[in-house]
Amino acid sequence: MTDQFSALQEKIRLLGGLLGNTIRDAEGKELFSKVETIRRLSKSARAGNTEDSEKLTQELVLLNGGELTPVARAFSHFLNLANIAEQHQTVSANDEDQNPLRHLEQVYSELKDSGLPKETIADALARLKIELVLTAHPTEITRRTLIHKYREINNCIAALDSSGLAAARREELETRLRELIAQAWHTDEIRRIRPTPIDEAKWGMAVVENSLWEAVPRFLKQLEVIQRNKVGRSLPIEATPVRFVSWMGGDRDGNPNVTAEVTRKVILLGRWKAADLYMKDLQDLSQELSMSRCNDDIRAIAGDSDEPYRVVLHKLEAKLERTMVALCDELEGRKASENDIIHSRDDLWQPLHACYQSLKEMGMEIIAEGLLKTYMQRVRCFGAHLVRLDIRQESGRHRQALSELTRHLDLGDYAEWSEDERQQFLLRELQNKRPLTPHSWQPSADVREVLDTCKVIAGLPREALGAYVISMAKVPSDVLAVKLLLKEADCPFSMPVAPLFETLDDLNNAGKVIDNLLSVDWYKEETGGRQMVMIGYSDSAKDAGAMAASWAQYRAQETLIRVCDDRGVELTLFHGRGGTIGRGGAPAHAALLSQPPGTLRSGLRVTEQGETIRVKLGMPDLAVNTFNLYTSAILEANLRPPPEPKPEWRQVMDKLSTRSCAEFRKTVYENPDFTPYFRAATPESELGKLPLGSRPAKRRPEGGIESLRAIPWIFAWTQNRLMLPAWLGAGAALGEVVKQGGKAELEAMCREWPFFSTRLGMLEMVYAKTDIGIAEYYDKRLVPSALWPLGQYLRQQLARDIEVVLAITNDGHLMADDKWNQKAVEMRGIYTDPLNVLQAELLIRVRQRPDPEVQRALLATVAGIAAGMRNTG
């Protein structure tokens with residue numbers, strides 16, 4: 001690890017030096033000197049020099065208007081470059097034995113050594129299902145144009161790592177790095193205009209094009225090696241272990257900018273981008289498949305041609321070209337030709353599979369297994385639509401639609417009916433062959449939008465769509481209501497409807513709701529024996545605190561598995577995790593192994609959001625590594641499941657949940673000082689005005705903390721380094737159990753139960769990112785003195801919590817077992833601390849008198865701190 005970290009530091013010195021040269025050339029020696037002075041003082045202050053800490057503050061407070069933005073950008077850019085180097089080094093460390101699937105091979109060996117037959121492991125690999133749901137992020141900072149430059153920088157770093165590099169080649173690469181860093185510096189890294197949902201969807205498509213398109217076949221080839229070498233059998237050619245879904249353009253929960261028309265356009269854009277990528281693939285493949293021998297099936301398509309495979313590919317190319325023209329026509333409002341274009345995955349798969357079969361039959365298996373198979377794997381994964389689209393809407397919008405409809409029909413007000421009355425009405429109408437909605441009905445604009453969305457769904461092929469997710473689901477009628485609205489739109493297929501349980505009460509009630517639904521014969525038959533349920537991590541943590549929420553999520557999953565098993569239904573759990581601890585985030589392997597036994601039997605479906613898409617999937621090497629980690633965790637969880645908690649551990653968790661929830665709610669929802677303190681001590685109000693995402697920060701503009709979305713709620717606390725949502729209540733509850741003599745039990749839970757050890761590990765990581773001194777500085781500079789006691793109480797509680805967790809883990813300092821991240825957090829702190837001090841100063845100025853230059857500098861600090869914390873919301 002020491003050698004790897006030294007290599008990382010060497011890369012960071014190289015990138016930092018090149019950035020320094022760029023700043024000196026672009027901004028002048030005086031500004032560069034000031035940046036260097038601030039960096040040296042920050043490093044010294046971090047080492048404990050109080051005099052330099054005061055000097056650092058003075059340097060930053062006294063910056064003039066022209067220096068604010070360049071200084072903020074300098075430290076922000078450095079942190080982004082450090083993150084690129086760290087991501088590369090992480091992948092490089094995993095690849096140091098020239099074995100990209102080191103994790104998976106290790107797990108395979110451990111499973112085999114445990115006595116499992118190799119056929120059992122091979123079957124589990126063949127059934128592997130990973131579905132990653134890409135979501136837009138209202139606090140995603142980095143622009144697409146910079147992401148491209150960062151990827152190129154990563155490629156240069158990777159090339160510089162090559163052994164035996166000639167001096168001329170090294171100089172060429174370093175020149176290219178200087179060029180890219182200069183490009184980044186001279187690019188406005190902050191959006192001036194808020195992105196639209198279509199912009200966000202294009203961002204997601206760019207991730208597919210620039211990373212996932214290459215990563216998926218690479219991963220499958222490596223998986224194939226394990227199957228072949230360890231088991232002696234290949235993956236089926238149809239195997240699709242990794243798939244992608246998107247919420248970008250489909251998630252309308254609280255976002256009025258996502259309309260039915262936007263959803264329709266995003267689907268068309270996805271089809272166009274898929275066709276574009278396949279066209280490029282086919283042009284390369286056509287160069288390779290020049291063989292003349294073929295079977296009768298190919299000969300029937302190609303005729304007497306001497307190059308029959310090229311004929312087949314050229315026909316497919318022409319079809320793709322017609323598809324792209326038709327899609328352009330439709331996007332621009334012209335009448336599009338539907339004749340002989342690509343509509344489905346099979347339209348792409350069949351001609352390629354025919355070529356594959358022919359090559360194998362003609363004794364050219366080595367050619368069939370080459371580039372052709374790579375492109376076939378892409379077709380299986382990405383299909384004709386690039387990614388499938390989930391639709392998400394809040395349950396109240398469906399209730400409103402049915403309320404208007406029943407009132408129009410003089411049936412009463414659906415919204416005022418009891419749950420039993422609603423269910424009886426919905427089930428009666430669902431089984432009635434006549435339509436319910438009269439043509440003469442003129443609904444309100446909001447209801448029309450819900451109905452139009454259902455119409456768009458009905459007009460799409462099933463394979464273009466994922467699931468219909470109902471946020472704030474509480475009762476069975478929430479699910480049945482969507483089923484009825486889709487029926488009324490003449491939807492010709494059964495779309496999976498996934499209730500999202502996201503408050504403490506709703507999680508506790510989830511099993512009862514699903515059991516009620518599955519007790520209905522019509523519904524069980526309608527689902528085909530499959531049920532998807534989404535577990536909400538963000539809002540449940542905001543409702544009750546991270547500790548209580550995590551235990552409610554665990555118990556809800558246990559109950560849902562039991563209910564579905566009893567009903568003979570296959571359950572897919574959809575995990576709505578974010579990147580931060582307060583939103584259920586955790587390292588992939590640890591997070592999956594900390595779930596209850598049986599939760600991954602039907603595979604993994606999980607959200608990947610904003611900055612976590614970049615960090616985990618943004619470059620091919622990172623994506624392959626992520627697939628590898630998910631695969632090894634799923635195999636391990638299914639074939640060697642984690643232990644179920646002992647009854648006494650459940651009792652401890654019940655106590656921790658009750659106590660932590662009470663502490664969290666007492667502070668956040670019952671203390672009248674909390675909301676004004678939150679708005680003064682963090683940049684929450686300013687963040688809402690930044691052009692970061694298409695979705696508003698609040699569900700209701702006039703609402704308070706309860707209406708603030710979980711992502712900006714966490715983002716704001718990340719900025720001032722208090723990281724409150726991730727720890728509030730947890731340490732106080734742990735401390736109380738320790739006082740009552742429960743320390744030994746907590747230590748045993750930490751040693752023997754992955755769920756609990758992961759919770760404590762995540763607390764340690766978030767504690768390491770907090771900074772009590774900086775949080776206090778924000779208070780002193782920004783918060784009215786009458787509210788200082790609350791800030792002091794929170795900081796004292798944080799300090800006590802850290803001591804309690806270290807006592808339970810028996811460690812002398814935070815992250816004692818994770819030296820890499822410990823050092824990385826400390827290294828980034830040198831560059832993040834000045835941004836925090838500067839941000840507090842800028843908040844004072846912008847609150848006193850809004851100024852465009854101050855606003856721009858503030859945006860730069862927001863971006864830099866987000867990069868320094870390695871997550872936003």
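Visitor: Which residue in strand 3 stands opposite S246?

Guide: L389 stands opposite S246. A word on the source: this is a predicted model, where local features need pLDDT of at least 70, side-chain atom pairs count only at pLDDT 80 or more, and totals for chains, interfaces and linings use all residues. Residues are numbered from 1 along each chain as its sequence is written, and side-chain values use heavy atoms, with hydrogens and water left out.

Visitor: How should I read strand pairing here, and in which sense do strand 2 and strand 3 pair?

Guide: Strands of a sheet pair through backbone hydrogen bonds, either parallel or antiparallel. Two strands count as paired if DSSP finds at least two bridges between them. Helices (H or I, at least four residues) and strands (E, at least two) are DSSP runs, numbered from the N terminus. Strand 2 (residues 242-246) pairs with strand 3 in the parallel sense, over two bridges. Strand 3 also runs parallel to strand 4 (residues 465-471), joined by five bridges, and Q393 faces I470 of strand 4.

Visitor: What do the strands close into, and in what order?

Guide: Eight strands form a barrel in the order 1-2-3-4-5-6-7-8, with parallel pairing. On average, neighbouring strands of this sheet are turned by 25° against each other, direction ignored. Axes are lines fitted to C-alpha atoms, for helices over the stretch in contact, and angles run from 0 to 180 degrees between N-to-C directions. Strand 7 (residues 570-576) and strand 8 (residues 604-609) run parallel and share two bridges; H575 has V606 of strand 8 as its bridge partner.

Visitor: Which strands does helix 19 lie across?

Guide: Helix 19 (residues 504-518) lies across strand 5 (497-501) and strand 6 (530-536), and runs at about 155° to strand 5.

Visitor: How many residues of strand 3 are buried?

Guide: Buried means under 20% relative accessible area, exposed over 50%, and partly exposed in between (1.4 Å probe, protein chains only). In strand 3 (residues 388-394), six of the seven residues are buried.

Visitor: What kind of aromatic pair do F678 and W713 form?

Guide: A pair of aromatic rings is described by the distance of the centres and the angle of the planes. Rings of Phe, Tyr and Trp (its six-membered ring) pair if their centres lie within 6.5 Å; planes under 30 degrees apart count as stacked, over 60 as edge-to-face and the rest as tilted. The whole structure has 26 aromatic pairs. F678 and W713 are edge-to-face, 5.3 Å centre to centre with 65° between the planes. F678 is in helix 27 (residues 674-681) and W713 in helix 29 (residues 710-719), so the pair ties together parts that are 35 residues apart in sequence. F678 is buried at 1% relative accessibility, and W713 is buried with a relative accessible area of 1%. Elsewhere, ring pairs link W213, F219, F244, Y278, F382 and F627 into a cluster.

Visitor: Where does the charged end of R73 sit?

Guide: A charge sits over a ring if NZ of Lys or CZ of Arg is within 6 Å of the ring centre and within 35 degrees of the ring normal. The charged end of R73 sits over the ring of W185, 4.3 Å from its centre.

Visitor: What is the average pLDDT of the protein?

Guide: pLDDT is the predictor's confidence in each residue, from 0 to 100. The protein averages 91, and 94% of the residues score at least 70. Over residues 96-100, though, pLDDT is below 50.

Definitions and conventions
Contact means heavy atoms within 4.5 Å.
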